[in-house]
Amino acid sequence: MPEQDSFDCITVVIPTYNREQVLGRAIQGYLSQSSAHLINELIVVDDGSTDRTETVVREASTRSKFPIRYLRQVNRGPAAARNRGLREARSALVLFTDSDIVPAPDLVE
């Protein structure tokens with residue numbers, strides 16, 4: 001398979017706030033994608049959570065074939081978290097989702 005560049009791949013941005021349980025399932029959905037090789041990175045923007053969000057993200061990153069980046073900010077709302085993820089994205093294509101959405105296995109495809 002040819003090497004993918006940043007224009008062929010996507011960055012997934014997930015803003016979150018105190019959603020540790022469902023966030024783990026959402027991230028697992030991206031790890032299990034039929035075309036996971038098209039994911040350049042997954043960015044979780046923690047909007048000031050007080051639960052185990054960071055631990056959930058760090059544990060998921062140990063099982064991932066693509067980078068999972070954890071960014072933390074003071075609570076400013078989901079729009080600010082999405083904007084932060086967009087500024088940090090390393091791909092030309094960005095998929096915005098929410099921490100309570102578990103993707104279908106072929107979403108990225």
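The conversation below takes up the overall fold, then the helices, the core and some pairs of charged residues.

Modeller: Please keep in mind from the outset that this is a predicted model. The protein has three helices and four strands, and from the N terminus on these elements run β-α-β-α-β-α-β.

Colleague: Why is the protein called as compact as a globular protein of that length?

Modeller: The radius of gyration is 13 Å, and the globule rule gives 13 Å for 109 residues, so the protein is as compact as a globular protein of that length. Along its principal axes, the C-alpha trace spans about 40 × 25 × 20 Å. Of the 109 residues, 47% count as buried, and among contacts between residues at least 6 apart in sequence, 83% join residues at least 24 apart.

Colleague: Why is Thr16 called buried?

Modeller: Buried means under 20% relative accessible area, and Thr16 has a relative accessibility of 3%, so Thr16 counts as buried. Thr16 has its place in strand β1, which covers residues 10-16. Not counting residues up to four places away in sequence, Thr16 touches Leu23, Val44, Val45, Asp46, Asp47, Ser49, Thr53 and Ser99.

Colleague: What makes the approach of Thr16 to Ser99 a polar contact?

Modeller: The cut-off for a pair of N or O atoms is 3.5 Å, and the side chains of Thr16 and Ser99 make their polar contact at 3.2 Å.

Colleague: How do you know that the buried residues of α3 line one face of the helix?

Modeller: In α3, the buried residues are Ala80, Ala81, Arg84 and Gly85. Seen down the axis of α3, these buried residues fall within an arc of 140°, so they line one face of the helix. On the other side of α3, Pro78 and Arg87 are exposed, while the cover over the buried residues includes β1, β2 and β3.

Colleague: Which residues does Arg84 contact, leaving aside its neighbours within four places in sequence?

Modeller: Arg84, found in helix α3 (residues 78-88), is in contact with Val45, Leu71, Arg72 and Gln73 once those neighbours are left aside. Arg84 and Ile43 are 41 residues apart in sequence, and their C-alpha atoms are 9.7 Å apart in space.

Colleague: What makes you speak of one face in α2 as well?

Modeller: Thr53, Val56, Val57 and Ala60 are buried in α2. Their directions, seen down the axis of α2, fall within an arc of 95°, so the buried residues line one face of that helix. They pack against β1, α1, β2 and β3.

Colleague: Which residues touch the most other members of the largest nonpolar core?

Modeller: That core has 18 residues, of which Ile27, Tyr30, Leu42, Phe66 and Ile68 touch the most other members. The elements that give two or more residues to this core are β1, α1, β2, α2 and β3, and the largest share, four residues, comes from α1. In soluble globular proteins, nonpolar side chains tend to be buried together. Leaving aside neighbours within four places in sequence, Tyr30 is in contact with several residues, including Leu42, Phe66, Leu95 and Val108.

Colleague: Why is the pair of Glu20 and Arg52 called a salt bridge?

Modeller: A salt bridge needs a side-chain nitrogen of Lys or Arg within 4 Å of a carboxyl oxygen of Asp or Glu, and the side chains of Glu20 and Arg52 meet at 3.3 Å, N to O. Glu20 lies in helix α1 (residues 20-31) and Arg52 in the loop between β2 and α2, so the pair ties together parts that are 32 residues apart in sequence.

Colleague: How do you know that the salt bridge of Asp46 and Arg72 ties together separate parts of the sequence?

Modeller: The side chains of Asp46 and Arg72 meet at 3.0 Å, N to O. Asp46 lies in strand β2 and Arg72 in strand β3 (residues 68-72), so the pair ties together parts that are 26 residues apart in sequence. Asp46 is buried, with a relative accessible area of 1%, whereas Arg72, at 44% relative accessibility, counts as partly exposed.

Conventions. Residues are numbered from 1 along each chain as its sequence is written. This is a predicted model: local features need pLDDT of at least 70, side-chain atom pairs count only at pLDDT 80 or more; totals for chains, interfaces and linings use all residues. Side-chain values use heavy atoms; hydrogens and water are left out. Contact means heavy atoms within 4.5 Å. Buried means under 20% relative accessible area, exposed over 50%, partly exposed in between (1.4 Å probe, protein chains only). A polar contact is a pair of N or O atoms within 3.5 Å; within protein, one must be able to donate a hydrogen and the other to accept it, and residues adjacent in sequence count only if both atoms are side-chain atoms. The arc is that of the directions from the helix axis to the C-beta atoms. A nonpolar core is a set of buried Ala, Val, Leu, Ile, Met, Phe, Trp, Tyr and Cys residues joined through side-chain atoms within 4.5 Å. The radius of gyration is taken over C-alpha atoms; the globule rule is 2.2 Å times the number of residues to the power 0.38.
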